[in-house]
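Please look at the sequence and the 3D structure shown below before reading on.

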Amino acid sequence: MRVELFAIFAFATCGGYSGQLRVSVDCMEKASSNLSIAIDFAYPFRLHQVSFEAPMCEGMRRERLFLIGDFSSSAEFFVTIAVFAFLYSLVATVVYILFWNKYRENNRGPLIDFVVTVVFSFMWLVSSSAWAKALSDVKLATDPGEVQLLISACKDQTNKCGSVQEPRWSGLNTSVVFGFLNFVLWAGNIWFVFKETGWHKGAARFVAGASEKHTGTFSQQPRNQDSFDQSGGFNTRGDLDQPSEYSQVGGPPTYANQM
Ligand SMILES: *[C@@H]1O[C@H](CO)[C@@H](O)[C@H](O)[C@H]1NC(C)=O
């Protein structure tokens with residue numbers, strides 16, 4: 001199971017975002033008013049570089065103002081992880097399809113796949129959390145009510161300031177949802193990739209061997225019960241091939257995984 005499609009949604013909705021808010025400054029002397037000051041911003045949300053002009057309500061004088069905050073590190077981190085996760089799952093899909101036998105042959109492929117999947121799961125969690133936090137800060141910094149506080153004319157009670165339009169957030173909210181969804185999908189994928197490494201088979205064999213030794217030294221319990229525990233606890237392959245597998249351990253080691 002591969003999940004590259006959801007990674008696309010994560011970085012497309014975030015990286016492709018542009019938004020606009022509008023505020024109005026209604027001066028006492030109407031001539032200098034501007035009732036629709038538009039402020040555009042976009043990914044990567046370096047808001048401290050986003051400027052706009054507002055009337056000062058003193059003749060035709062205007063002031064140039066900047067929004068507050070730089071959220072580019074979280075946004076770029078999120079998009080970078082999403083892009084690399086997408087590229088990795090594309091490459092992994094190609095490897096699965098074209099080189100399936102080679103992939104299974106030596107344990108190297110599944111092992112790398114396992115480690116990378118664990119790392120990406122963790123990165124999805126970290127970057128989605130960081131981006132969710134950054135997004136809530138972006139929402140605050142671009143709230144028309146907050147932006148009004150930057151405009152000096154609005155500090156004078158005789159002028160009226162208002163919010164005309166709030167930015168649309170649905171796209172960015174979606175990107176956060178897709179970020180956490182990707183975390184869940186990749187974390188779930190860990191188990192499937194882990195099975196390919198064959199480690200769980202090795203572990204079951206080891207535990208089975210250890211408990212067999214235990215039976216021999218300390219008690220004379222009927223074997224039936226012991227191997228019943230094994231089959232219930234570790235695998236469903238049946239308990240008959242468990243002892244014979246163990247007895248082969250003395251021979252030349254073989255790393256071929258049985259299905
Ligand atoms: C109001 O501000 C916008 C920029 O948001 C500008 O394009 C427009 O010319 C301004 N209008 C007046 C009347 O100054």
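What follows is a short briefing, grouped by topic, on how parts of this model are arranged.

This is a predicted model, in which local features need pLDDT of at least 70 and side-chain atom pairs count only at pLDDT 80 or more, while totals for chains, interfaces and linings use all residues. Residues are numbered from 1 along each chain as its sequence is written, and side-chain values use heavy atoms, with hydrogens and water left out. Helices (H or I, at least four residues) and strands (E, at least two) are DSSP runs, numbered from the N terminus.

**Helices α2 and α4**

- Helix α2 (residues 72-98) packs against helix α4 (residues 108-141) at an angle of about 155 degrees, with the two axes 9 Å apart; axes are lines fitted to C-alpha atoms, for helices over the stretch in contact, and angles run from 0 to 180 degrees between N-to-C directions.
- That angle makes α2 roughly antiparallel to α4, given that angles under 35 degrees count as roughly parallel, over 145 as roughly antiparallel, 65 to 115 as roughly perpendicular and the rest as oblique.
- The crossing of α2 past α4 is left-handed, a term used if the near helix is turned anticlockwise from the far one by less than a right angle, whereas clockwise is right-handed.
- Among the α2 residues that meet α4 are Phe77, Phe78, Ile81 and Phe84, and the α4 residues in this contact include Val116, Phe120, Met123 and Trp124; contact means heavy atoms within 4.5 Å.
- The residues of this contact of α2 with α4 divide into 18 nonpolar, three polar and one charged, where Ala, Val, Leu, Ile, Met, Phe, Trp, Tyr, Cys and Pro count as nonpolar, Asp, Glu, Lys and Arg as charged, and the others, Gly among them, as polar.

**Helix α6 and its partners**

- The axes of α4 and helix α6 (residues 170-197) come within 8 Å and cross at roughly 165 degrees, and α4 and α6 are therefore roughly antiparallel to each other.
- By class, the contact of α4 with α6 has 19 nonpolar, 10 polar and three charged residues.
- The axes of α2 and α6 come within 12 Å and cross at roughly 45 degrees, so α2 and α6 are oblique to each other.
- In α2, Phe78, Ala85, Tyr88 and Ser89 meet Ser175, Gly179 and Trp186 of α6, a contact with four nonpolar, three polar and no charged residues.

**Glu196**

- Leaving aside residues up to four places away in sequence, Glu196 touches Trp100, Tyr103, Arg104, Asn107 and Pro110.

**The second largest pocket**

- The second largest pocket has a volume of about 150 Å³, and its lining includes Tyr88, Tyr96, Lys102, Tyr103 and Asp113.
- On a 1 Å grid over the protein atoms alone, a cavity is a set of points where a 1.4 Å probe fits but cannot get out, and a pocket is an open set with protein on both sides within 12 Å along at least five of seven lines, with lining residues having an atom within 4 Å of a point.
- Grid points are joined across faces, edges and corners, and a volume is the space filled by probe spheres set on the points.
- α2 gives the most to this lining, with five residues, and the lining residues divide into seven nonpolar, two polar and two charged.

**The loop between β2 and β3**

- Pro44 lies in the loop between β2 (34-42) and β3 (51-55), and the peptide bond from Tyr43 to Pro44 is cis, with omega near 5 degrees.
- Phe45 is also in the loop between β2 and β3, and its phi is near 65 degrees, a positive value in a residue other than glycine.
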